[in-house]
Amino acid sequence: KDYELICDKLAPLFHYPTAITEAANILATTNPRFDRDKFIRRATEKWEERYAQNAPRVDDYIPY
């Protein structure tokens, strides 16, 4: 339940998704049964829900 809370509520607050992997590495040291891949997958989904929808559109078209 604690890991679900971290995924759902805290991971979206990270500024960069690489922090999710760092958090997973730290959490893996606290519990041998911790499913690192599942945590990363779920936390990344939650992070993307927050940032992908709010990401500014970048028009990088160069007309020449």
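1. Burial. Of the 64 residues in the protein, 20% count as buried. Buried here means under 20% relative accessible area, exposed means over 50%, and partly exposed is in between, with a 1.4 Å probe and protein chains only.

2. Basis. This is a predicted model, in which local features need pLDDT of at least 70 and side-chain atom pairs count only at pLDDT 80 or more, while totals for chains, interfaces and linings use all residues. Residues are numbered from 1 along each chain as its sequence is written, and side-chain values use heavy atoms, with hydrogens and water left out.

3. Fold. The protein has three helices and zero strands. In sequence order the pattern is α-α-α. The radius of gyration is 15 Å, well over the 11 Å that the globule rule gives for 64 residues, so the protein is more spread out than a compact globule. That radius is taken over C-alpha atoms, and the rule is 2.2 Å times the number of residues to the power 0.38. The C-alpha trace spans about 55 × 20 × 15 Å along its principal axes. Helices (H or I, at least four residues) and strands (E, at least two) are DSSP runs, numbered from the N terminus.

4. Contacts. Among contacts with a separation of 6 or more, 62% come from residues 24 or more positions apart. Contact means heavy atoms within 4.5 Å.

5. Surface and charge. The 10 positive and 11 negative charges have mean positions 7 Å apart. Lys and Arg count as positive, Asp and Glu as negative; His and the chain ends are not counted. Each charge is placed at NZ of Lys, CZ of Arg, CG of Asp or CD of Glu.

6. Aromatic pairs. The structure holds three aromatic pairs. W47 and Y51 form a stacked one, at 4.6 Å centre to centre and 25 degrees between the planes. Rings of Phe, Tyr and Trp (its six-membered ring) pair if their centres lie within 6.5 Å; planes under 30 degrees apart are stacked, over 60 edge-to-face, the rest tilted. Both W47 and Y51 lie in helix α3 (residues 36-54), four residues apart, about one turn. W47 is buried at 13% relative accessible area; Y51 is partly exposed at 25%. Y3, F34 and F39 form one aromatic cluster.

7. K38. This residue sits in helix α3. K38 is partly exposed, with a relative accessible area of 49%. K38 and C7 are 31 residues apart in sequence and 10.0 Å apart in space, C-alpha to C-alpha.
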